[in-house]
Amino acid sequence: MAAVTAHVADVHAHEEHEHHELSFVRKYIFSEDHKTIAKQYLISGIIWAVIGGLMSVVFRLQLGFPNLDMAWLKPILGQWVSISAEGVGKLDPNFYLALVTMHGTIMVFFVLTAGLSGTFSNFLIPLQIGARDMASGFINMLSYWFFFLSSMVMFVSIFVETGPAGGGWVVYPPLSALADANPGSGIGMTLWLVAMALFIVSSLLGGINYVTTVINLRTRGMSFDKLPLTIWAFTFTAILGILAFPVLFSAALLLIFDRSFGTSFFLSEIYVNGQALPNQGGSPILFQHLFWFLGHPEVYIIILPALGITSEVIATNSRKPIFGYKAMIFSMAGIMFLAFIVWAHHMFVTGMNPFLGSVFMLLTLIIAVPSAVKAFNYITTLWRGNIVFTPAMLFAIGLVSFFVSGGLTGIILGNSALDIQLHDTYFVVAHFHIVMGAAAIFGMLAGVYHWFPKMFGRMMNAKMGYAHFWLTFISSYLVFFPMHYIGIAGFPRRYYQWSGFATFDSYADLNAFITVAAIISVAAQAIFISNFVYSIFKGKKAPANPWNSNTLEWTTDNPGHGNWPGEIPTVYRWPYDYSKPNSAVDFIPQNIPYSSTPESNLPHENEMIADEKEIEKLEFDRSIPD
Amino acid sequence: MAIIIGILAIVFIVMTVMVLGKTQSLLKGIRPTDSETSSEGEYVDDANNFNGYAMFVFWVISVVGVVWSFLYYREDFLPEAASVHGKETDYWFWVSMAVIMVGFFVVNSLLFFFAYKYRFKKGRVATFYPHNNKLEVIWTVIPAIIMAGLVFSGLKVWTDVMADAPADAEVVEIMGKQFGWQVRYPGVDDNKLGKYNFKLTDATNEFGIDLADENSFDDFTSNTEMHIPVGKPVLLKIRARDVLHSVFIPHMRVKMDAVPGMPTKFWFTPTQTTDQARAELGNPEFDFEIACTEVCGRSHFAMKLRLIVEDEATYNKWKREQKPFLAMNPDYIEKVPANLKAKAMKYLPVEESTNLVVAEDEATAGGAGTQAALK
């Protein structure tokens, strides 16, 4: 323990270590510093989340209150709200579809991929493995700015006259390929494809950097079996992205060809707008295979980092080692591997060969096993802990609950026989919003609350954090849980209204209730955003290690350029030595050698003291510039 | 009513949180805050107990809410499946639901109970418990066994549902277009659907029926309703002519995408006629409906087709009353190749066929006046 405090004390001695003062532009805009890039991703992600959240409020109003006068939205939505002779404003059905599409695209890619992985992989990988920065700061910078460009293109697409893409976030052709079939498939769809292509470039640049950094830049003693679970999660996520995103790129490229250059990859035998198109021999199912080859790993790209963050937060705040460290790694590895071979469970009733359906059902249900192991391990970590409910911890527990509740319905949807009825109903909407929407956003919020002190050197207000948590947690369940009932009653997704069908003309009250809960859950985020912005400037100054945590990032106070003022700390132990028997303190950071904690060492750890000399003998590779 | 209860519930929950939060901060002023001075857990604030209790209270209220809302809203779930395979899938749905509900309640209960029970207490030391291989094996194997059970039941049902339709199945073609469903029957004479070609599609011949195929002469179509017989396998031949659609018959538990360029199919056996369903539900207005579940554009939400299930005699009577496409649109006789004209003739209304004979003569006489003659 003494060693840590000593280390932290001389933080400010690093002034002379600084190479030179960077200009404002290089420091805050075109920065190569992983911490700045992380903050750029985080703030972009938050802005996108606000946009995506507000969009959901608009279409929820339509669904919850189909007769609502939307004339008050006219100043914002313009032509998309039409005013009837009686002065009643109605939302345009095409724009409804566009809103649903953009909500999905924004939340999946811009918030929960870029905002989550981009923020925390960037911020934590160098700090937790003990590196001065990413393997390539320049590529890292490019990664953010490609994302920024992608964001701009997607943002612009919202304002084009024919509206943004409107065929659902999965953009299945032929709908997405034919401007005659849907106005959103015109310039809006072109911009969507361009934005996604840029996004994929950004994601690949980021992913390659994360993997390279984790493999090559670990500090002395940081062997793979001492990596925090966050780092394992980010690494698996990056590998998933590197292998899966190029396939989406190919799908997007072929779709661009079909749309603009008259090819027929996905189009065949189409009669639209009074004429038969010349395209023959293409297959819309091919696009679905390509799309979901990314699309399914994508949901793990979203949830794995959230699970990694949760592992770290739960262990720290339970004051206990994470239960089953190795099992956690293997289950994440299992999830990563299986993620690539389950994609066609999104396609059971698309006309795909039913035999394929059987195979994919089998593989899909296997993925429940490693997922269950993770959930059980979290709960066992809480067992006989000494739980401190920081806002981060509350959100992490919320994540576990969502992951369990939403994951379980996956067992039903993964069963192709049961999926016949439930496919594309609200049951699916409920399932994925809980298991990868709410859960992942809770992981992200847990991460923000937990690492805010390290990011900005200040504390967030905890009381506001609690209020934020309880409001969001309760209202999220109130939004998504009732959707199961609506799904069991057969209500299809992406319907502008249901009352046209006698079959779906029920649950008006439940839909209104969901809308009210959704508005509360979105409004509650104002608490978070004001807390976030206020705390950046006016928050209480944070100590170096506010949560008494073990990982390396807490050994440096206000990390500046190069992260550690002096030598990078050496790692001797795993990151989860919390509440070790016979130890005077309830946490022993990774950089404390076993030789200085003889009272708490386990028998096999005493033997490891001999190895410490070996670790210390390792030389840093000075050829890698700081 | 429920919405008012819901809103009130939210308001009460919010108020409870606020009041408790306020109480906590007031208490803070009175109590000596020793937690702030201790080095261990210095960041533990006095809301910690509140949050611990709140976790547990949240779960208790949730359990009540889940049970109550299920019982309340189950009224509006779909009635029992009206098809043979639907009863099977429904059964397994509720079996799986029961299994996951056990998981849902047990796992969440443990989570929230542990959160409450093991909330921070000064001086307590957490148990250092990094792993237990036996436990790990147990909770890997148990889900694996349960999964295996569900997989095998699912596989069996899936294989049965997706098996080839029996040879005597009643064939109906259903085609999705923006924005509506259209159906085509193979007719009463040859009971075979004629060929189609999307290039032949026009405003009248919406199916692109190929009249060069004699099987198409007696085919009849509808864009308002589909009739099927009860108790007999029905094979839907599904296609789309512009974008993806998806045939969804909620009461029959039928769903299959309609794909341009790739015909799909789904067969099922209805077990209930529309009249029986009306009687059972006590709703004389009730109708089976066909909806679209693959987003297809602006009026995706309005692609409705009435489905009428009737006993076989009524069904056959209805079929005989329908006029073939050719009879409805005699102009299309022109598309029939010369060698089949005679055969096609009998589907035309009487006066039309006489006219046509004349027209035929004129045409062979070298005039291009067929069209004019028909008019």
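Is B:E289 buried or exposed? In this predicted model, B:E289 counts as buried at 5% relative accessibility, where buried means under 20% relative accessible area, exposed over 50%, and partly exposed in between (1.4 Å probe, protein chains only). We will come back to that residue after a walk through the two chains.

Residues are numbered from 1 along each chain as its sequence is written, while chains are lettered from A and ligands numbered from 1 in the order in which they are written. Because the model is predicted, local features need pLDDT of at least 70, side-chain atom pairs count only at pLDDT 80 or more, and totals for chains, interfaces and linings use all residues, with side-chain values based on heavy atoms and with hydrogens and water left out.

Let's start where the chains meet. The contact (heavy atoms within 4.5 Å) takes 129 residues from chain A and 116 residues from chain B. Together the chains bury about 10700 Å², 71% of it on carbon and sulfur atoms; buried area is the accessible area (1.4 Å probe) that two parts lose on being put together, summed over both. Of the area that chain A buries against chain B, A:Y271, A:I420 and A:W470 supply 7%, more than any other three residues.

One salt bridge pairs A:D92 with B:R298, whose closest N and O atoms are 3.1 Å apart. On the side of chain A that touches chain B, helix 16 (residues 462–488) gives the most, with 13 residues. Helices (H or I, at least four residues) and strands (E, at least two) are DSSP runs, numbered from the N terminus.

Staying with chain A for a moment, look at A:S31, in the loop between helix 2 (24–29) and helix 3 (34–64). A:S31 is buried, with a relative accessible area of 2%, and its side chain reaches the backbone nitrogen of A:D33 at 3.0 Å. Leaving aside neighbours within four places in sequence, A:S31 has contacts that include A:V25 and A:M141.

Now turn to chain B, which has 11 helices and 10 strands. Of its 375 residues, 49% count as buried. Among the contacts in chain B with a separation of 6 or more, 67% are between residues 24 or more positions apart. A salt bridge gives an example of such reach: B:E170 pairs with B:K319, with 2.7 Å between the closest N and O atoms. This pair links distant parts of the chain, strand 1 (residues 170–177) and helix 7 (residues 312–321), 149 residues apart. B:E170 is buried at 7% relative accessibility, and B:K319 is buried at 7% too.

That brings us back to B:E289, whose side chain meets that of B:K304 in a salt bridge (3.5 Å, N to O). B:E289 is in strand 9 and B:K304 in the loop between strand 9 and strand 10, 15 residues apart.

Another salt bridge joins the side chains of B:D287 and B:R306 (2.9 Å, N to O). B:D287 is buried at 14% relative accessibility, whereas B:R306 is partly exposed at 35%. These two residues belong to a network of salt bridges that also links B:E225, B:D275 and B:R278.

Finally, what about the cysteines? The whole structure has 0 disulfides over all chains, a disulfide being a pair of cysteine sulfur atoms within 2.5 Å. B:C292 is in no disulfide, and its nearest cysteine sulfur, that of B:C296, is 4.0 Å away, which means the two are too far apart for a bond. B:C292 is buried at 0% relative accessible area, and B:C296 also counts as buried at 0%.

Key
Salt bridge = Lys/Arg side-chain N within 4 Å of Asp/Glu carboxyl O. Polar contact = N/O pair within 3.5 Å; in protein donor to acceptor, adjacent residues only side chain to side chain.
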